[in-house]
Amino acid sequence: MLNGIISAAGGDFDLSKYFDWFNSDYTVGNAALVALTGILFVLLTLVVLVELLVLFNKVFVLVEKKATAGKKKSTDVAAINVSTGEIENDEEVVAAIVAAISCVFAEESGASEPPPFTVRRIRQVKNSK
């Protein structure tokens, strides 16, 4: 077809040597089968990868549950101690108290620098009524 167009335009070219795929032995059915096989292979590979990621997620969740099982007992004890009036210096509680003190200092002094003091001990003050 392209050779006919070029010869009608006055050219003497043989495009078959440049475009060898015009003269291939593949039929449209064979080409469709090759394309379908490639698409199915890619989709199956993606399904396998997704299943692997789901499996890894389940394994990591189980490992995390086992790791937090020991920490959960200590958290329950700290909550009981706080409710009975005994405060245990839990790291998160200490960090929250120090952050609150730093915020109050920054608001009152107007400074954006850290406070010039260090919190060394936190204890509960009894009500003085």
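The model is a predicted one, in which local features need pLDDT of at least 70 and side-chain atom pairs count only at pLDDT 80 or more, while totals for chains, interfaces and linings use all residues. Residues are numbered from 1 along each chain as its sequence is written, and side-chain values use heavy atoms, with hydrogens and water left out.

The chain contains three helices and zero strands, in the order α-α-α along the sequence, where helices (H or I, at least four residues) and strands (E, at least two) are DSSP runs numbered from the N terminus. Within helix 3 (residues 91-109) lies C103, which is partly exposed at a relative accessible area of 48%, that is, between the limits for buried (under 20%) and exposed (over 50%), with a 1.4 Å probe and protein chains only. The C-alpha atoms of C103 and P115, twelve residues apart in sequence, are separated by 9.2 Å. Just after helix 3, G110 adopts a positive phi of about 75 degrees. Of the 129 residues in the chain, 4% are buried.

The mean pLDDT of the chain is 75, with 65% of its residues at 70 or more; pLDDT is the predictor's confidence in each residue, from 0 to 100. Confidence is lowest in helix 1 (residues 2-8), at a mean of 58, and highest in helix 3, at 83. Where pLDDT is low, the predicted coordinates should not be read in detail.
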